[in-house]
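User: I am new to this structure and would like to understand how its parts are arranged. Please guide me through it by question and answer.

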Amino acid sequence: MEASEIKKRLEELLSSELVWKIGEKQTGDGWVEIPLEKWTEACRLARDDEKLLFEFLRALSGVDRPGENNIELVAHLFSYRHRHAVVLKTKVSRENPVAASVCSVWPAAEWYEREIFDLLGVNFREHPDLRRILLPEDWPGHPLRKDYQQPASYRGIPTSRPAPEGSAS
Amino acid sequence: MRTVFEYLKALQLEPFWQQLLAAAAVVVIAALVFVVALTIAGLLVVVERRVAGRVQSRIGPNRVGPLGLLQWLADGLKLIMKEDVIPAAADQPLFRLAPYLVMVGVFSAFASVPFGMYLIAADVNVGVLFILAITSLGTVGILMSGWASNNKWSLLGGIRSAAQIVSYEVPALLGALSPVLLAGTLQMSGTESEPGIVALQGGWPWQWFVFRNPCALGAFFVYFIAAVAEGNRTPFDLPEAESELVAGFNTEYSGMRFAGFFLAEFANVYLVSAVATTLFFGGWQVPGLSLAEQAGDPRWIILGLVIFVAKASIFCFVIVWLRWTLPRLRVDQLMGLCYRYLLPLGLLCLLGNAALVLVASEGSTVDWVLRLLTLVPAAAVLVLFFWRVSYHIRRVGDRVDLDLLARGVKGRFHPERHRHYGKLASPTGKGVTQ
Amino acid sequence: MSEILQSSGERQELVLNMGPHHPSTHGVLRFVVHTDGEIMRRAVPDIGYLHRGLEKLAEGCSWAGYMPFTDRVNYLEAMFTNLAYARAVEKLLALEIPPRAQYLRVMACELNRIASHCITLGCIAMDLGAFTPFVYLLRERETINDLIEELCGNRITHNYMRIGGVAFDVDESWLKKVSAFLYHFEPVIAEFESLIVANEILAKRMAGVGVICAADAVAWGLVGPNLRASGVDFDLRRDQPYAAYDGLQFSVPVGRDGWVHPDSVVGDCYQRFLVRVEEMRQACKILRQCIAALPSGEIMAKVPKALRPPRGEAYAAVEGARGEIGCYVVSDGGPQPYRVKWRSSSFSSMSIIEHISRGLMIADLVAVIATLDVIAPETDR
């Protein structure tokens, strides 16, 4: 199915208007924007609907947009049976980054959401085991945020070394 | 040892001096046994590493001494110089005791290994039983080391190892009982005046116990596999190469304590081979000579020693070769092999041997028929094996000439002549996975 | 015995810690294993020991300058990670890649696939106790490393792909050497098969162990050989072709019951092992075709010196040795990437281990980790 048809199908299933966008010069991938409250529902419908059958969650990423004051959750989906792909996006506010988990739809999302929680600070409701995955449990801050300040030391270990003598600063 | 005592008696000294000299003799011979066993273990370490190297198309250690044969001395020196680390929470006395138990268990058995006609430290009349029993002392040591290390992985390794050794004792014993049955005595060596397992065989292959009847051949395989398993060698080395993750029961050991375990393992390899040689393959018997002739001339005794060492070395090589070829069995598969395959097979072989001993007395036609029936197929299999090996070497080549690839100059490299051009070289023309 | 424990009301459990130091080459991983004697109840993975912040680093690099970093995402299949990033950016720039570059990309990738599988298969055998096949395959990998060194100057972290093509061209002598290597290598695969693949002990260790059914594999996001061994017939090279794969002939091995060993079922460790052996052979086939069909021409498209892809985003995936390696790139029109996200196969493979580890033995866990081909740098980035 083409991207426009997929979007139309999703609109039918969710019975609400959806937006399809693409990059500036019409290059790269286009995406379908899903309202935050319909996120899990949209994902489940995308997986279960006969015409869509997106049973493979390729990647679930988070993109920090301080300019628009939100964090985007980007789900790349693929269907083995229909051999089509789609990108679903939803936006979470930066002040209160809470979203519903899609673990019940794709078990693969468990670790992706843990990573987004770890690096971007987005909380996922109904996630079975939401804790940091890559960083230590007591690490302060969320590194992938654009306004992240690296702590000077972690448990007494400095996080940067002085530049060697004679090298460019 | 007995000859030494008889010699001392013949000297007709005062009882005090005689006893003193006898005690001194015991100490000297014990030390000699220990040194011999240690040297063998050390050499075997080097041999294993060289063989492993050649199997893996590399060289192996060849710097220290001729052909690298003094590598074990260098390693021993290194291990002595290491810091003696004992975990603070380990059970101190048991931790220290464990390597000694394992070493004693293995090295003591060397006292009863018949290297040559009179070249055996203690030719006790329960030789086989003695060897099999004293090697079990090692189990206690292994379990002790696993427990005393205060380390869950060591504990698991020690428990597994203990279970493995204890289980495989049974088929090993069953396998060893067949030649005992054929010989009628437990004594290992023997001379012409008193019977012993080696003395009752002969030098030629058809005089060996292993080819007496098919059940004896089966018993040999049962004994060999069980003994390799008892020695914690691959494919049965799950307890110590907990692989994959930690080193099993001897994780916490370093320096000379670790060397104790290590040398004990290699000494055990030689012990297994030596026992297999004595029980099944004629030991030190020189082909074509009777026992009286061999006893007469010291040169034949030396020849017997050489023959014994050669035969035992072949089995050592087989054990090393197995280690570097086969993957390892999982613990439940290991136990399954012991109790479901080796144990029944060992029992069957024992029963078969017992029956055949009754039916076919030595020297009768039935006996000769049975020997032929066993020897000819075994020889055929051996010939087939060597032919197959040479076929593989011719097919794949023994050396990889990467230099030709490196040069790659036009006209100097002809792939059509280098290998089976265009045709995959596996026997069916295609691979297993197609 | 387990009834006695349960009836006493006490859950007796031994908690073991596997790693992060351990003598297998899967990288720095840690498992907290709850066992009841030999049988595991849970194996909880703990990752993050190799987290280097490669995604955050991208935001400080120029678009072209990030390429060496992409090698480190997975240093065993650096060509694939290079290619994924290059393709993602090329999608944003809507670049047309010259055909010679496409073929060179395929050749580099297939050589890398063989090298990576050499390590994987060797490690599987080594973890299960057979030390020799590992050394044989590493010997072959040395030749590949030499070939690739001649190609791009590096043995492992290749940095060979560029946005718009490849960095270096090849000449006749290099192609001859690759041919010579292939003539040498294909019988080595046959030798490997006769040595260890059909070995009864190895088969018994892996057949029926760690079975992952197709539905689970898809739901948990497994890709590549793991997915195909579970019975899903999908390969990005054939089904969503990129680079020069469109015209090339090769078969894609998929798991089937009773393959080689009668006890083997679809989705078990043994099938994952066999799929990789066959893939090595197919990679050789692809390489031969590429050598024969390599067109002449440019190796780089016309790309501006300072790259500024237009605002937008792109996701590009390649079929790496471990499966789909995807690179999701977001651009805000500036000289540096706004966001780079790596979709790595090992991340998903690690996540499924906890799910399938119940009821396995500790020794089986090792087989499962080895055959799922989990590589720590790819998991942690």
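User: How far apart do the C-alpha centres of domain 1 and domain 2 of chain B lie?

Analyst: This is a predicted model, in which local features need pLDDT of at least 70, side-chain atom pairs count only at pLDDT 80 or more, and totals for chains, interfaces and linings use all residues. Residues are numbered from 1 along each chain as its sequence is written, and chains are lettered from A and ligands numbered from 1 in the order in which they are written. An automatic or database domain assignment gives chain B domain 1 (86–359) and domain 2 (367–399). The C-alpha centres of these two domains of chain B are separated by 25 Å.

User: How many residues of domain 2 of chain B are in contact with domain 1 of chain B?

Analyst: Two residues are in contact if their C-beta atoms, placed from the backbone, lie within 7 Å. On the side of domain 1 of chain B, 8 residues take part, and domain 2 of chain B contributes 6 residues.

User: Is A:Ser79 buried or exposed?

Analyst: A:Ser79 sits in the loop between strand 4 (70–78) and strand 5 (85–93) of chain A, strands being DSSP runs (E, at least two residues) numbered from the N terminus. A residue is buried if 20 or more other C-beta atoms, placed from the backbone, lie within 10 Å of its own, exposed if 12 or fewer, and partly exposed in between. Because A:Ser79 has 20 C-beta neighbours inside 10 Å, A:Ser79 counts as buried.

User: What is the C-alpha to C-alpha distance between A:Ser79 and A:Leu52?

Analyst: Not counting residues up to four places away in sequence, A:Ser79 touches several residues, among them A:Leu52 and A:His84. A:Ser79 and A:Leu52 are 27 residues apart in sequence, and their C-alpha distance in space is 7.3 Å.

Conventions
Helix = DSSP H or I, 4+ residues; strand = E, 2+ residues; numbered from the N terminus.
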